[in-house]
Amino acid sequence: SKNQKATRAGCCLGDLNASIYCYASILTALYSLTKTEEGCHIDTSMLDCMVSVLSEPVAEYFATGEDPQKQGNDNPSLTPFSSFSTLDKEIVICIGSEKLWLLLLKVINKEEWQNRSEFKFPQALNKNKELLRYELEEILKQHNAKYWTNKMQKTGVPCSNINTIADMTKMEQIKHRKMLIKSGNSVFAGNPIRLSSYPIIEERAEAPSLGANNKQILREFDI
């Protein structure tokens, strides 16, 4: 939140982000090779990649002259677009248009809020986000997270549970997408890239022990 210390992201964003940019850079260079018949040197730094994903706050800083402040889980320009408490745990609600705002009001049976000046989408809502959070959570705390996510999803309101890793591994969509890969006695996150010409790998051979394939590799090089 705004008044708490900086928090580390839950995964290695710098490494993952840089690797994705490098992947795109290599593909771009290969495509350029087919057009120009010339190779090129790729220069992609982790620092540059992290600055690149900050495009919105960087633009905001130079447009306003003010340093963007910590927003916690809130979207800086849209409300309600954050995590909210229910009876048993938090859920995420993502309202990105007036149409979705009106659908949410229907779900929580507060359609009269659309006539309140402080709750007009989007500027007034964003200005009064703390008031909205208080009043919205008063309603959400009357039922549990499952009740609200089921009701919102049926109505077309973007929302989600905040899942633990254990929760995620049990999701039917994760199983359907085959995003968990077995390797011996271990399980890893799979590759999200799907190509129609390549099969989805659901199980890989267990990693060999140190030196286990030395003879095979040496034979391949006639050593």
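Buried means under 20% relative accessible area, exposed over 50%, and partly exposed in between (1.4 Å probe, protein chains only). The model is predicted: local features need pLDDT of at least 70, side-chain atom pairs count only at pLDDT 80 or more, and totals for chains, interfaces and linings use all residues. Residues are numbered from 1 along each chain as its sequence is written, and side-chain values use heavy atoms, with hydrogens and water left out.

**View A. The ring pair of Tyr 61 and Phe 62.** Rings of Phe, Tyr and Trp (its six-membered ring) pair if their centres lie within 6.5 Å; planes under 30 degrees apart count as stacked, over 60 as edge-to-face and the rest as tilted. By this rule there are three aromatic pairs. In one of them, Tyr 61 and Phe 62 have ring centres 5.0 Å apart and planes at 70°, so the pair is edge-to-face. Tyr 61 is partly exposed at 38% relative accessible area, and Phe 62 is exposed at 66%.

**View B. The ring pair of Trp 113 and Phe 119.** The ring centres are 5.2 Å apart and the planes lie at 55°, so this pair is tilted. Trp 113 is buried, with 5% relative accessibility; Phe 119 is also buried, at 1%.

**View C. The open sheet of three strands.** Strands (E, at least two residues) are DSSP runs, numbered from the N terminus, and two of them pair if DSSP finds at least two bridges between them. The order is β1-β2-β3, with antiparallel pairing. β1 (81-85) and β3 (159-161) are at the edges with a single partner strand each, so one side of each has no neighbour in the sheet. β2 (residues 90-94) pairs with β3 over three bridges, and Ile 91 stands opposite Asn 161 in β3.

Notes: Helices (H or I, at least four residues) and strands (E, at least two) are DSSP runs, numbered from the N terminus.
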